[in-house]
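Here are some notes for a colleague who is about to look through this model. They are set out as numbered points, moving from definitions and confidence to particular elements and residues.

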Amino acid sequence: MATGVERLLARLNKSRADDFDLLQAHRTHKEQAYWREDPRLYQAFAKKLISAGHPTRAVELIREALDYHPADLDLKYLLALAFARGGNLVQAKGYLDELLRVPDLEPRLQVEVLSLEGRCLKDRYVRTRGTSGRTELAGKSAECYLRAAHVSGDLFPLINAATMSLLAGRAAQARTLSNQVVRRAKAELKKPGGDEDYWLLAILGEAYLIRGDLKQMRYWIGRAVRRAGDNVGDIGSMRRNLLLLKDQLGVGEPFWGLFNVGSVVAFSGHMIDHPRRGARSARFPPDAALERRVGEEIRARLADLNATVGYCSAACGSDILFAERMLERGAELHVILPFHKDDFYYTSVDFGLAAMASWRARCDAVLARAKQVHHATTEHYLGDDVLFDFVNTFTQGLALTRAAERGVEAHALIVLDGASAPLIGGTAQFLQSWAEGDHPHERIDLAALRAEIAPPPAPAVGEAGPPPLTVQSGSVKRRIKVMLFADVKGFSKLAEEHFRLFFFRFLHEVTGVLQESVTRPDFCNTWGDGLFVVFDRVVDGADFALRLLRKVEQIDWAKLELPEALSLRVGLHAGPVYRHRDPIIGRNNFFGSHVNRAARIEP
């Protein structure tokens, strides 16, 4: 009779790979005990999430798993794999190094670890500029894969050794290895279930590419992609492997259509005109014919982009039209709300008007059917338009991250009247920010569509416009800031005689890093071993954090007769916060819920 764990594993195997409710559906209160008792559930679900292109979710799950199963080496390997798939090579290498130090690591896991080490070196090869450095990394990667192949005889490390050998300038070795792969892969295909293994099919296609046989390569890769189905994370990995060889072997552009798993789209567009906007300054008047035309144009652009994942807000007008068209396509839709839901309805959906109730109902329907509803903040609006700017940044970041997870490029789709005045957090600002990152975009000209329609003489909403949403918040407005909290792990265990020496050295190092910063922070404060630093830009906060970590890691605590276990913990967060004079310290300080959130991230 099957155990509870085995029943859960069987249910998992029947689940869709892209099901966002995957974990919740298999972790009822009754079943939670199975997870604590058996690491196989965490392992299986983590593999599923990684294959489906959700490495960040996998990281969260595995970290939880290690609380219950701290000695499980498979979980540590999967954590390294999730970090590597998400692009965090430093974290991945830390876990790989730990596993490689384990004596008598079982051959199966040793192969996985060596192969992943080869993959991390391969990723570094991709990121590196300069021929000599890249050739060296390619050679080291090939050697890792060869070691893994010698341990197990598996085809996966063998084909990667062939690819990296070619990139390292070892053409003869690459051809010898690829010939071995073709011979052995064809033998594997004859075994029961062999033709259902999409990795085996992809390996064979890659071997034929190295051999220069493009016809056979297209045949086997096409079969691999079709067999992989919803496992878009794995399809992205196949594509990245072959892209490495594109320039080396002169593969034409049409081939890459085999890997088309669709695009990730970040959307922004004008909402329905507020009743206070006059007819002369109309952008998107409440006209059914215009609404249909905008919806038709969005539908056509999404088809051209083969949009399979979309990110948008849910304001009346363009946002909701985009969301409805994405749901119509059966796509993965993410909706991002800028602040408290009630305030959002009032400012951006129905304006508090009964005549706009249909837009509120459509918004509710979109939120109910979206794969996920994200909140840039959960606080109230309080009249701060900077929150609209923040949700633009938040939306773009989510889209770019999801595209990287799926191994595709992110596109922006914009519905914009170019003649309208740019607003803080508006569509024009969204487009400007996106274009600064040199990401592709499609623009729908709202003014041109409006000219096709004979608009009504004035927007008839049926009642007077509502008063603006105002809040008694004084003159203090929120600003988007980057906050860093840090403290020293092990500080509380220091003996009394160590405190003076610790503070002298630690604060001296912090001061040095601050003085070396190109951009000075807006605020800096310390208490005990705690550090609070505020910057204007994310890049400045991240740069300071990395330099501070490197500096503290270089301190020889033992030489100072301090515990060697001392290490720095750093948390970073960006969000809207208040800036105001603090009467206790006599200078400006920062406060608000996002300061609290940054403080909670650090420990």
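1. Contact, as the word is used below, means heavy atoms within 4.5 Å.

2. On confidence, the protein chain averages a pLDDT of 86, with 90% of the residues scoring at least 70. An exception to note is the stretch of residues 458–465, where pLDDT stays under 50, although the model has 13 contacts for these residues beyond four places in sequence. Where pLDDT is low, the predicted coordinates should not be read in detail.

3. As to the overall make-up, the protein chain has 24 helices and 11 strands, and buried residues make up 51% of its 603 residues. Among the contacts with a separation of 6 or more, 69% are accounted for by residues 24 or more positions apart. The accessible surface of the protein chain comes to about 28700 Å², and 51% of that surface belongs to carbon and sulfur atoms.

4. Helix 16, residues 318–328, is mostly covered, with 10 of its 11 residues buried. The buried residues include Asp319, Glu324 and Arg325 as well as Ile320, Leu321 and Phe322. What covers the buried residues of helix 16 includes strand 1, strand 2 (307–312), strand 3 (332–337) and strand 5 (410–416), together with helix 15 and helix 18 (357–369). Gly330, which follows helix 16, has a positive phi, near 75 degrees.

5. Asp287 is placed in the loop between strand 1 (263–269) and helix 15 (288–305).

6. His411 is found in strand 5, which is among the elements covering the buried residues of helix 16. Is His411 buried or exposed? His411 counts as buried because its relative accessible area is 17%, and the cut-off for buried is under 20%. Leaving aside neighbours within four places in sequence, His411 is in contact with Ser263, Val264, Val265 and Ala266, and also with Leu305, Trp434 and Pro440.

Key: Residues numbered from 1 in each chain as written. Predicted model: local features only at pLDDT ≥ 70, side-chain atom pairs only at ≥ 80, totals over all residues. Heavy atoms only, no water. Helix = DSSP H or I, 4+ residues; strand = E, 2+ residues; numbered from the N terminus. pLDDT = per-residue confidence, 0-100. Buried < 20%, exposed > 50% of the residue type's maximum accessible area, 1.4 Å probe, protein only. Areas by Shrake-Rupley, 256 points an atom, 1.4 Å probe, with all protein chains shown as cover.
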